[in-house]
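Here are my notes on this model for someone opening it for the first time. Please read them with the structure on screen.

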Amino acid sequence: MLKSWSWVAGLVLVAAAGTAVAQSEGSDTRWYISPSVGGVFADSDVGPAGVISIGRGINNYFGIEFEAGYSELDVSGLPNSVAKYERMVAGFNLLTTMGNPTWTARPFLLANANYHNIDFLSEKLNGAGVGVGGGLFLALSKRVDLRFEGRYNLDFINEKGVVPEDTFYIWTGTVGARVKFGADPGDDDGDGVPNAKDKCPDTPKGVQVYSDGCPIDLDQDGVPDYLDKCPNTPPGSPVDANGCPFDSDGDGVPDHLDQCPGTPAGVKVDARGCPLDSDGDGIPDYLDKCPDTRAGSAVNAQGCDISDKDGDGIPDHLDKCPDSDPNIKVGPDGCPLDSDGDGIPDHLDECPNTPPGLKVLPNGCALVGDCRKPRPGEAVDARGCALDQRFILRGVKFEFDSDRLTKPAELILNDVAETLAAYPDVTVEVQGHTDSLGTDAYNLGLSERRANSVKRYLGGRGVNGNRLRPVGYGEAQPIADNATAEGQEENRRVEFRVIER
């Protein structure tokens with residue numbers, strides 16, 4: 001028996017030594033549960049057995065298990081009432097698995113130490129035991145293996161009573177499964193990145209990869225370098241399956257550089273991918289019916305010269321206002337549009353639909369019977385016209401920080417006097433307004449002086465002073481943002497408001 005114990009202990013020590021092997025990256029160290037069933041054998045006696053183990057790998061070649069088992073057999077030569085040998089055991093196993101971790105079938109050796117409880121000959125016997133064995137793991141999937149095992153056990157009995165022996169041997173043969181938990185740490189594609197971390201687990205052999213297991217793509221175009229025929233594509237450029245920039249119109253200039261990506265097939269292009277325009281008139285050669293237009297000439301859609309100096313869409317030979325602002329709508333004669341024919345162009349006309357024959361102010365509005373476009377926030381009538389009969393005298397300005405009218409303002413007021421003469425029954429409030437520069441009190445006084453200055457001038461042009469009521473509002477009623485120079489300019493104004501008819 002000493003000899004048996006010595007070689008069993010030696011195997012246990014050899015297996016234990018394996019636990020000192022360092023765990024390498026990619027080792028399968030997942031916990032698993034392994035239930036098995038089979039039989040026990042001793043001499044000619046046979047019985048059933050069942051074992052359940054919980055274990056994990058230390059690395060790809062060594063592992064540990066904690067197990068619990070039950071077996072029983074009927075010992076021949078004894079009366080039936082006492083012939084049953086029942087064995088319950090709790091133990092610890094050291095395993096060493098042989099072969100490459102990628103093999104489907106891997107043999108293993110096992111060393112066991114246990115504590116058992118035996119019921120035999122009407123006695124309860126306890127003690128320690130050891131065992132050795134071996135078997136085969138047969139992989140069914142990344143998580144499940146079949147387990148075939150044979151084992152030789154020695155049970156040492158602490159006390160003897162009726163039972164004459166202090167050591168029992170038993171053979172065990174089982175078949176079961178091993179079910180692993182967690183992600184598989186293997187490296188199926190051999191790229192050095194474990195499967196559990198590998199976002200590209202099917203990378204071809206020999207392909208360089210990043211730390212996540214995906215093939216290197218230096219130009220970040222979505223096509224890995226080993227497939228990329230254009231490996232230096234600029235970042236952000238759309239590419240085809242070969243990693244080359246798209247050239248949707250087939251003009252030889254890739255889409256990310258092509259400033260004219262819809263060029264018709266066969267049309268010659270420049271380095272930007274745009275059709276050639278030899279005379280620089282903006283009409284490409286393939287559409288240009290006048291390919292030799294002089295530089296700077298205005299052309300039509302066919303590339304032929306149509307001079308339009310002010311760019312208002314009216315050719316110069318038809319344009320009666322050849323220097324009009326191109327941002328202002330013009331009529332067929334090229335002059336600013338005056339829809340109601342009151343002499344005030346639409347872009348300055350606050351009343352663009354003045355009835356024919358009415359005399360208007362510089363803002364295009366008649367003092368009576370007109371429809372003024374509302375300013376933001378103003379109340380309107382059923383027709384959408386501003387209810388407040390206030391009219392800005394555009395262009396009526398004063399010298400800096402003074403109530404002295406400028407010469408252009410006097411010319412405008414000459415026309416205003418004629419307009420007032422056309423409405424002898426109308427009384428107006430002459431309003432003076434300032435920007436926000438200066439104190440409130442100063443601006444109020446300045447606006448009053450300016451309103452009076454307008455009244456005096458109009459009186460000198462024959463307007464009855466009783467029809468003019470000057471009022472200063474200072475900076476209290478801005479119509480624009482005083483934070484800008486443009487807004488301040490708009491706020492420095494004179495207005496008429498009809499108060500009596």
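1. The buried residues of helix α3 are N443, G445, L446, S447, R450, A451, S453, V454, Y457 and L458. Buried means under 20% relative accessible area, with over 50% called exposed and partly exposed in between (1.4 Å probe, protein chains only). Helices (H or I, at least four residues) and strands (E, at least two) are DSSP runs, numbered from the N terminus.

2. This is a predicted model, where local features need pLDDT of at least 70 and side-chain atom pairs pLDDT 80 or more, while totals for chains, interfaces and linings use all residues. Residues are numbered from 1 along each chain as its sequence is written, and side-chain values use heavy atoms, leaving out hydrogens and water.

3. What covers the buried part of α3? The cover includes α2 (407-421), β10 (427-433), β11 and β12 (493-500). Contact here means heavy atoms within 4.5 Å.

4. Helix α3 runs over residues 440-460, and its end C-alpha atoms are 31 Å apart. The expected span is 1.5 Å times one less than the number of residues. G462 follows α3, with a positive phi near 95°.

5. N482 sits in the loop between β11 (468-472) and α4 (485-491). N482 counts as buried because its relative accessibility is 16%. Its side chain makes a polar contact of 2.9 Å with that of N491. Such a contact is a pair of N or O atoms within 3.5 Å; within protein, one must be able to donate a hydrogen and the other to accept it, and residues adjacent in sequence count only if both atoms are side-chain atoms. Leaving aside residues up to four places away in sequence, N482 touches D435, S436, Q488 and N491.

6. The whole structure holds 1 cavity of 30 Å³ or more. A cavity is a set of points on a 1 Å grid over the protein atoms alone where a 1.4 Å probe fits but cannot get out; lining residues have an atom within 4 Å of a point. The largest cavity has a volume of about 190 Å³. Its lining has 21 residues, with V51, E67, R87, R151 and T172 nearest the centre. Elements giving two or more residues to that lining include β1 (31-42), β5 (105-120) and β7 (144-156).

7. The largest pocket holds about 830 Å³ of space. A pocket is an open set with protein on both sides within 12 Å along at least five of seven lines. Among its 36 lining residues, D28, N60, P101, R106 and K180 are closest to the centre.

Conventions: Points joined across faces, edges and corners; volume = space filled by probe spheres on them.
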